[in-house]
Amino acid sequence: MQTIIGKKVTQTQVFMTDGSRLPVTKIAVMDMPVVQVKTQEKDKYTALQLGFGERKRASKALQGHSKKAKLEKVPAFFYEVKVNADAVHTIGDVIKVEDVLKPGDLIKVTGISKGKGFAGGVKRYHFRGGPKTHGQSDRHRGPGSIGQGTTPGRVYKGKRMAGHMGVDLVSVKNLAVIEVSPTEIMVKGLIPGGKNTLVLVEKTGEQKNVVGLYRTEPRADEKVVEEPKEAVANDAVAATEEVASAATETPVAEEQASQEQEVKEEVAEVQDTSGEQKEEK
């Protein structure tokens, strides 16, 4: 089992432990129940029908189909995923994201691209456009000649021209998984489709050198070791005692310094008087 179903959430950026900044896409995921198992003997191919999400209203046919898998609620989406013939899965099994993906895996994401409406050749196929001088003032973004004449007398299918753009099945390969959690995965780069659109994530390989995600706060599933309250209180008491001792030592030190200064002044006066007496003699 190398495939999971997800829903595109948003695009953002994250920092890695080596200081690099990466653009990432967040994909919402969840545990997927196995609704139906396709076998070679019965269906002439092997696959699993997975459920994703929850449906508010469902027909009786979908309710009965889901009841066979012992599901309390009818999934919002059904999707078939090909598996090997030796894969052992039964109806009602739950496939978790952590069992399929981990940070550092390479994946292929498939989804329906955004619709762009009717687009010209420049936007749709990145045509350069015509010259902007020599009398051409109204055909800068025109397609130009399409190369067809009396022979063959028609335009070949698939000719790159203006037409409907988007709403195509698009796959983006060699995307790296940055983070995996039970409810969300982060993928390096961009994936097809708009927000809240369904995508298919298929594992294709693994990275050799994996760089970890830089965290400022621990994950929800990580255990944070906290010091006992008694130790924290003892540390606070010791700190206050040190501050108090330093405060009491400061006046004593100042008094000693003033006394030493007075003694030095008295000695200097005695030396001056003795010197004056010698000069009078």
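Me: Hi! Where is K44 found?
Reply: K44 is in the loop between α1 (40-43) and β4 (47-52). Helices (H or I, at least four residues) and strands (E, at least two) are DSSP runs, numbered from the N terminus.

Me: What about phi of K44?
Reply: Phi is positive there, about 70°, although K44 is not a glycine.

Me: And is K44 buried or exposed?
Reply: K44 is exposed, with a relative accessible area of 63%. Exposed means over 50% relative accessible area, buried under 20%, and partly exposed in between (1.4 Å probe, protein chains only).

Me: Before I go on, what kind of model is this?
Reply: This is a predicted model, in which local features need pLDDT of at least 70 and side-chain atom pairs count only at pLDDT 80 or more, while totals for chains, interfaces and linings use all residues. Residues are numbered from 1 along each chain as its sequence is written, and side-chain values use heavy atoms, with hydrogens and water left out.

Me: What pLDDT does the chain average?
Reply: The average is 85, and 84% of the residues score at least 70. pLDDT is the predictor's confidence in each residue, from 0 to 100.

Me: Let's talk strands. Which ones close into a barrel?
Reply: There are 6 strands in the barrel, in the order β1-β2-β11-β10-β7-β12, and their pairing is antiparallel. On average, neighbouring strands of this sheet are turned by 50° against each other, direction ignored. For that angle, axes are lines fitted to C-alpha atoms (for helices over the stretch in contact), and angles run from 0 to 180 degrees between N-to-C directions.

Me: How do strands of a sheet pair?
Reply: They do so through backbone hydrogen bonds, either parallel or antiparallel. Here, two strands pair if DSSP finds at least two bridges between them.

Me: How many bridges are there between β10 and β11?
Reply: β10 and strand β11 (residues 184-188) pair in the antiparallel sense over 3 bridges. E179 has M186 in β11 as its bridge partner. A hairpin of 3 residues connects β10 to β11.

Me: And how many bridges join β2 to β11?
Reply: Strand β2 (residues 21-28) is joined to β11 by 5 bridges, and the two run antiparallel. I27 is bridged to I185 in β11.

Me: Where does N174 lie?
Reply: N174 lies in strand β10. Its phi is near 60°, a positive value in a residue other than glycine, and N174 counts as exposed at 61% relative accessibility.

Me: Switching to charges: how many salt bridges does the count come to?
Reply: The count comes to 9. A salt bridge is a side-chain nitrogen of Lys or Arg within 4 Å of a carboxyl oxygen of Asp or Glu.

Me: Which residue does E80 meet in a salt bridge?
Reply: E80 meets K38, at 3.7 Å from N to O. E80 sits in strand β5 (residues 77-82) and K38 in strand β3 (residues 32-38), 42 residues apart, and the pair links distant parts of the chain. K38 is buried, at 14% relative accessible area, while E80 is partly exposed, at 33%.

Me: What about K108 and E202?
Reply: Their side chains form a salt bridge of 3.7 Å, N to O. K108 lies in strand β7 (residues 105-112) and E202 in strand β12 (residues 198-206), so the pair ties together parts that are 94 residues apart in sequence.

Me: Which residues are joined into one network?
Reply: K102, D105, K203 and E206 are, through salt bridges that share partners. One of those links is K102 to D105, at 3.1 Å from N to O. D105 counts as buried, at 0% relative accessibility, whereas K102 is partly exposed, at 37%.

Me: Last topic: where is there a cis peptide bond?
Reply: A cis peptide bond joins T151 and P152, with omega about 10°. P152 belongs to the loop between α3 (121-125) and β9 (163-165).
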